[in-house]
Amino acid sequence: MTADGSDGGVAASADALAAPGGGPTPLSRAFTLGPPLPELAGHPELADAHKGWVDVEAAGPGGGGLEQRVAGLVVKILRRHPEYRQQRELLAQLTRVVDALAKRCDELERRLRLLHDETAEVADVLSEDLTRLSALAALRRDASAPDA
Amino acid sequence: MPRFAVLDECWGHPDSERAFVARTVAGALACHGAVDVVTPGPPSPPQPDGAFRLISVGNPSAAGASWPVVADGALPPERYDGVLVVGGAPAYPAELAGRLTTGLVATLYVGGANSPTGDSDPMSSPVLRVDGGHRDPAHHDVGFFVSVNPTARTAPLGGIGCTDYILVLGGHAPAPATPAHDPARLPAAARWLIARFPRRFVLTVVDGGVTVWRDRSPHGWFGVGTRMDLWRLMAFARVTVDPLPGPVVARECIESLMFGTPVVVPGVGAALSHAAAGGATYRHVAALLDEVDGVSDPVRRAALASSGQAYATDRYGSPRHLVDAIGAVFGLPA
């Protein structure tokens, strides 16, 4: 029951129960995961990244002015360049990867919470059962003691 | 106005239930007349102490003695209409009491070795008794009075974030100057309960603070600065466990019952009758765990809460009863 594997070295009597120390050792830190993390899917920063990619893919500058028509022409030419297409493809891929990672993080968070809950349940059941058994063992030990 | 002297060698001890009892009874006596409290201590002019006048008559003159040999000059010149000695044998200051009054000298027994039954069990006296002294050797069971603030029921203690918990009181060991959270200072009963009921909230009150436990681990620590804080904790508990109840009246058990919270206590001493009315007792750890589990049953808990509250209120809820009973010992009209 304790860190050293003993039952705490306590007698089962009421007097011993009033004394400080003895008995099963409690954990030193809170057994908790803390508040749930916000989901990454739909997170504002992720949404901004998606929007940025859409803007990149959108049509280039247009309009009636000479300067804007020239700029639009340059962009069209650049977009046909193999290296530029390669970078656009890479950017699209990265966006998809970030999206997948966000979903994976959310799934890991869900699984971690589930694991925590299951661990807590196992620990609680074990603690209940072991404490009951230890109490009975302490009682029997006291009853069989020579001066009992 | 009648004048009385109360002789008490432990007056004002902050961690002593005996001192609390003496002060309450002296307060009841003060409803009938002026009360001077005579106590060992460095001689000094009389000091006001609430409703009383505190007179220190010198430090004990011999090793092991509770009272000094008091010079006449250290005593007030007037004679009292009666003297109440707190404690009784073996440190009974009969000679001193005789010099203070020609009237009645009564002894307030506060349990333990001073019990009029002579029982040496330090937790054997479930009620206060007053020996009527020389004129009236009969024992008078004067009962006692315990007050709680019922508004403690209106809101739980801020910060703890739970109700319907198991409340474990940490005993009456002197607390450190600074409140602290130290699991090593938990009574063994608290550690057993934390381990046995990991799925319930267990609150332990030790060293001026309350720790919230769940899953066998600490989830927060908050200071308990006032009696009202403790009453709030009791009022919202499922059960109060007091492994070391007060030896004279088990004050915290009475207070818990007044809030309708059953108590689980060791099966000896002053708390025994309280538990019989509204709780359960244990003599070993297995019984402690079983009884706390049993008292948590809603039907049984409701029955114990009702009977315990009625018992505590009837027996300890009337200051008038204590005032009249003390007055009757000294032959004063109600």
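User: Where is the place of B:A250 in chain B?

Analyst: This is a predicted model, in which local features need pLDDT of at least 70, side-chain atom pairs count only at pLDDT 80 or more, and totals for chains, interfaces and linings use all residues. Residues are numbered from 1 along each chain as its sequence is written, chains are lettered from A and ligands numbered from 1 in the order in which they are written, and side-chain values use heavy atoms, with hydrogens and water left out. Helices (H or I, at least four residues) and strands (E, at least two) are DSSP runs, numbered from the N terminus. B:A250 sits in the loop between β13 and α5 (251-258) of chain B.

User: Is B:A250 buried or exposed?

Analyst: Buried means under 20% relative accessible area, exposed over 50%, and partly exposed in between (1.4 Å probe, protein chains only). B:A250 has 0% relative accessibility, so this residue counts as buried.

User: What is phi of B:D215 near?

Analyst: B:D215 lies in the loop between β11 (209-214) and β12 of chain B. B:D215 is buried because its relative accessible area is 16%. Its phi is positive, although the residue is not glycine, and is near 55 degrees.

User: Why does B:F236 count as buried?

Analyst: B:F236 is in the loop between α4 (227-235) and β13 (237-241) of chain B. Contact means heavy atoms within 4.5 Å. Leaving out residues up to four places away in sequence, B:F236 touches several residues, including B:A152, B:P156 and B:Y165. B:F236 counts as buried because its relative accessibility is 19%.

User: How many helices and strands does chain A have?

Analyst: Read along the sequence, chain A follows the pattern α-α-α-α. The count for chain A is four helices and zero strands.

User: What share of the residues in chain A is buried?

Analyst: Chain B has nine helices and 15 strands. Of its 334 residues, 55% count as buried. Chain A has 148 residues, and the buried share is 18%.

User: How many residues of chain A are in contact with chain B?

Analyst: Contacts can be counted from either side. Chain B brings 30 residues to the pairing, and chain A brings 36.

User: What area do chain B and chain A bury between them?

Analyst: Buried area is the accessible area (1.4 Å probe) that two parts lose on being put together, summed over both. Carbon and sulfur atoms carry 62% of the area here. B:R191, B:W192 and B:R216 supply 27% of the area that chain B buries against chain A, more than any other three residues. The two chains bury about 2700 Å².

User: Which side chains meet in a salt bridge?

Analyst: A salt bridge is a side-chain nitrogen of Lys or Arg within 4 Å of a carboxyl oxygen of Asp or Glu. The rule finds one across the interface of chain B and chain A. The distance is 2.8 Å, N to O, and the partners are B:R199 and A:E128.

User: Which element gives the largest share of the side of chain B that touches chain A?

Analyst: α3 (188-196), β12 (217-223) and α7 (285-295) of chain B each supply at least two residues of that side. The largest share is seven residues, and the element is α3(B).
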